Amino acid sequence: MKIIVLAKQVPDTNEVKIDPVKGTLIREGVRSILNPDDANALEAALELKDKNPGTTVSVMSMGPPQAKYMLRECLAMGADDAYLLSSRAFGGADTCATSTTLAAGVRQLGDFDIIFAGRQAIDGDTAQVGPQTARRLGVPSVSYVQKVRKVEEKTLTVERALEDGFEVIEVQKPCLLTAIKELNKPRYMSVGRIEEAYKKEITVWDEGSLHVTPDEVGLKASPTQVFRSFTPPPKGAGEMLAGTIPEMAGTLVAKLTEEHVL
Ligand code: FAD
């Protein structure tokens with residue numbers, strides 16, 4: 001089986017702060033990490049590789065040159081090879097242009113059986129790129145995958161998480177699945193694999209290698225306009241009511257009546 005994992009390098013949101021004037025993320029000096037859902041996507045691919053001899057796992061990312069560090073992490077977890085789609089032409093991409101570029105990268109790699117993506121990136125948070133990439137490649141996709149139940153020659157059976165349970169879906173291969181954290185527990189990198197990961201070449205492709213024109217990717221191909229971004233003002237402190245339950249209920253009704261809620 002040939003599996004491709006879409007992995008994004010994201011700022012560690014535990015360390016990100018918002019510029020109060022510009023309303024944008026302050027990225028300077030912030031550590032970058034492998035997007036958490038993508039670690040689950042990679043683990044799912046590696047588990048299938050462990051169970052199915054002859055399976056290969058390729059990791060692909062679109063991003064700046066420093067995304068190579070994250071890709072080496074993926075190699076050290078057990079991926080066979082890594083591809084970085086990187087060029088100034090790809091800069092300023094919205095999700096639409098990102099998925100166009102990733103789909104072009106996948107086509108360049110050739111036939112595949114499964115693409116795993118994360119459900120959502122912790123910085124952009126749209127959860128659009130996986131399904132959009134599937135649409136561009138003309139393959140079916142299943143989002144919110146919490147379990148891969150069965151892999152057969154032509155189909156996969158997966159569980160898709162719902163708010164109050166899950167549904168079982170049989171999907172034709174080739175297909176794209178988006179992973180959630182409930183899918184598995186990502187493995188650690190091993191010392192031996194870290195050494196190997198630094199010996200491996202990471203293939204870098206630009207718009208020429210992907211046979212796309214600069215008008216089809218990046219800012220020029222991004223219809224999304226960010227109207228305004230801002231940090232919501234913090235909510236005021238809550239008020240604790242005191243007294244017996246009937247007294248507190250009375251006070252609450254009085255307050256809600258005063259605010260015209262009741
Ligand atoms: P989601 O859709 O939430 O991600 C879901 C999954 O898709 C991920 O878990 C991962 O598996 C896969 N995926 C997503 N992105 C990638 C990727 N790059 N490589 C591999 N797999 C991926 N961002 C920048 O970094 N630089 C910019 O210059 C930039 N300019 C922008 C300009 C505009 C007008 C807009 C609207 C956005 C811009 N962004 C930029 C943000 C960028 O569009 C998103 O980060 C990107 O499209 C991914 O969307 P997301 O983070 O919501 O991913």
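This is a predicted model: local features need pLDDT of at least 70, side-chain atom pairs count only at pLDDT 80 or more; totals for chains, interfaces and linings use all residues.
Residues are numbered from 1 along each chain as its sequence is written, and side-chain values use heavy atoms, with hydrogens and water left out.

The secondary structure of the chain comes to 7 helices and 13 strands, where helices (H or I, at least four residues) and strands (E, at least two) are DSSP runs numbered from the N terminus. Along the principal axes, the C-alpha atoms fill a box of roughly 70 × 45 × 40 Å. Of the 262 residues in the chain, 40% are buried, a word that stands for under 20% relative accessible area, with exposed meaning over 50% and partly exposed in between (1.4 Å probe, protein chains only).

The ligand has 29 residues around it, and Leu-6, Lys-8, Asp-38, Ala-93 and Thr-126 come nearest; a residue is counted here if one of its heavy atoms lies within 4 Å of the ligand. This shell divides into 11 nonpolar, 12 polar and 6 charged residues, with Ala, Val, Leu, Ile, Met, Phe, Trp, Tyr, Cys and Pro taken as nonpolar, Asp, Glu, Lys and Arg as charged, and the others, Gly among them, as polar. Strand E6 (56–62), helix H3 (95–109), strand E8 (114–118) and helix H4 (129–137) each supply at least two residues of the shell. An oxygen atom of the ligand is 2.5 Å from an N or O atom in the side chain of Thr-126, while polar backbone atoms take part at Gly-118, 2.8 Å from a ligand oxygen, and at Gln-128, 2.9 Å from a ligand oxygen. The protein covers 79% of the 950 Å² of accessible area that the ligand has on its own, areas being computed by the Shrake-Rupley method with a 1.4 Å probe.

Ile-194 is found in helix H5 (residues 191–199) and counts as partly exposed because its relative accessibility is 34%.

Side chains of opposite charge can pair when their charged atoms come close. With a salt bridge defined as a side-chain nitrogen of Lys or Arg within 4 Å of a carboxyl oxygen of Asp or Glu, the count comes to 11 salt bridges. One of them joins Arg-31 to Asp-12, with the closest N and O atoms 2.9 Å apart. This pair links distant parts of the chain, 19 residues apart, with Arg-31 in the loop between strand E4 (25–26) and strand E5 (32–34) and Asp-12 in the loop between strand E2 (9–11) and strand E3 (17–18). Asp-12 counts as buried because its relative accessibility is 7%, whereas Arg-31, at 48%, counts as partly exposed. Glu-159 forms another salt bridge, with Arg-149, its closest N and O atoms also lying 2.9 Å apart. Glu-43, Asp-50 and Arg-187 are linked in a network of salt bridges.

Key. A polar contact is a pair of N or O atoms within 3.5 Å; within protein, one must be able to donate a hydrogen and the other to accept it, and residues adjacent in sequence count only if both atoms are side-chain atoms.
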